[in-house]
Amino acid sequence: MSKNYVGHLPAQDPLHHYLQYDILPQLGLDNHKPRFRVFRMGGSNEVYLYEEKHSHAQVIGKFFAGNGRGGPNIPEKDQRMEQEFHNLHLMRSYGLTGYPHDVVRPLGYNGWLNSLLVEEYRGGQPLSNVITDTIVYRQHEKLYEKLTALAYFLATFHNRTANGYAVNFHDDCAYLDRLVRKLFKKQFINWDTVQEFSWLRDRWREQPRMWEDQQVLVHGDATPSNFLFGQGLSVIGIDLERMKRADRVFDIGRITGELQHFFMQITGNKYAAEPFIGHFLWEYSCHFPNRESAFHSIGGRVPFQMGLTLLRIARNSWISHDYRQQLIEEAKITLRTF
């Protein structure tokens, strides 16, 4: 993830006091005169890296309600801040605390500092960079290796949190409806297309396989920027704000849909991602007693989530009109495989 230096944190800033007296002691530091360098991190939220100048200790500050400076709390933002803090703690309680599977360590939260969540900084290469390097520099083996590691991480994440209750596919259908409404509201699709997606939704709802698996905890925002890779099988999961109970393919379909999007956008060839998608699904399936049965079951449910992922990407204002239409058409094709 990119970072840009923006200056030092003033000693009189309330955030300086919070980092000095509440956060640094958790890292084993008792520095009475710390100085913090501040870096703006790339990403959709207000995220900053704070580096203590003398010890070089680094922490991440994620602000849910503003511009990275002290300010009053906002109830809805506070709820999201606290939710992610507890989600991170919960997944670490399942043993995701080191090599090869790690969830970033939360250090504290403060609603009065623009709904601030502080986490331990973990370096690593995001999946988005690995995919891009594969396409641009033809580093195919590296992407295969990292998809193997990610499959292992997600299988562990999911299998350790299964609760024995059946999934509720109505929730996924409702999510499709929200995406379609948003696309229609922005005039990216017409009413006939809305009706087609509604018809496809109902055909998937009729499939018994969409109701047969048990609930697990899913990451909830399994985009390529939210998984960092270290050496070997090392995977670090970040940004668990949207973690929830769902079908495991909610995450799996997000990853495969993002793979298709990256290759389709950069190469123009929608089939270029297929070897990597197949590899990822096969590697994920190896973490079950019957690999072939798991591969068949997961593969039968993944297209619905892939279609949702393509529609989710199509909402974004930064993509071109032509590519948005390509994503929407590809989502239709994918959802027609019920």
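The structure is a predicted model, in which local features need pLDDT of at least 70 and side-chain atom pairs count only at pLDDT 80 or more, while totals for chains, interfaces and linings use all residues. Residues are numbered from 1 along each chain as its sequence is written, and side-chain values use heavy atoms, with hydrogens and water left out.

**Helices α7 and α9**

- Helix α7 (residues 249–267) and helix α9 (residues 291–314) have axes that come within 7 Å and cross at roughly 60°; helices here are DSSP runs (H or I, at least four residues), as strands are (E, at least two), numbered from the N terminus, and axes are lines fitted to C-alpha atoms, for helices over the stretch in contact, with angles from 0 to 180 degrees between N-to-C directions.
- That angle makes α7 oblique to α9, the class left once angles under 35 degrees count as roughly parallel, over 145 as roughly antiparallel and 65 to 115 as roughly perpendicular.

**Nonpolar cores**

- The largest nonpolar core has 47 residues, of which Leu150, Phe153, Leu154, Ile255 and Phe280 touch the most other members; such a core is a set of buried Ala, Val, Leu, Ile, Met, Phe, Trp, Tyr and Cys residues joined through side-chain atoms within 4.5 Å.
- Elements giving two or more residues to this core include α2 (75–93), α4 (140–159), α7 and α9, and the largest share, nine residues, comes from α4.
- Leaving aside residues up to four places away in sequence, phenylalanine 280 touches Leu147, Leu150, Ala151, Leu154, Ile252, Ile255 and Thr256.
- A second, separate core of 31 residues includes Val216, Val218, Tyr323 and Ala331.

- Tyrosine 165 lies in the loop between α4 and α5 and is exposed, with a relative accessible area of 58% (buried means under 20%, exposed over 50%, partly exposed in between, with a 1.4 Å probe and protein chains only).
- The C-alpha atoms of tyrosine 165 and glutamine 214 are separated by 5.2 Å, although these residues are 49 residues apart along the chain.
- Alanine 174, found in helix α5 (residues 169–185), is partly exposed, with a relative accessible area of 32%.

Methods: Contact = heavy atoms within 4.5 Å.
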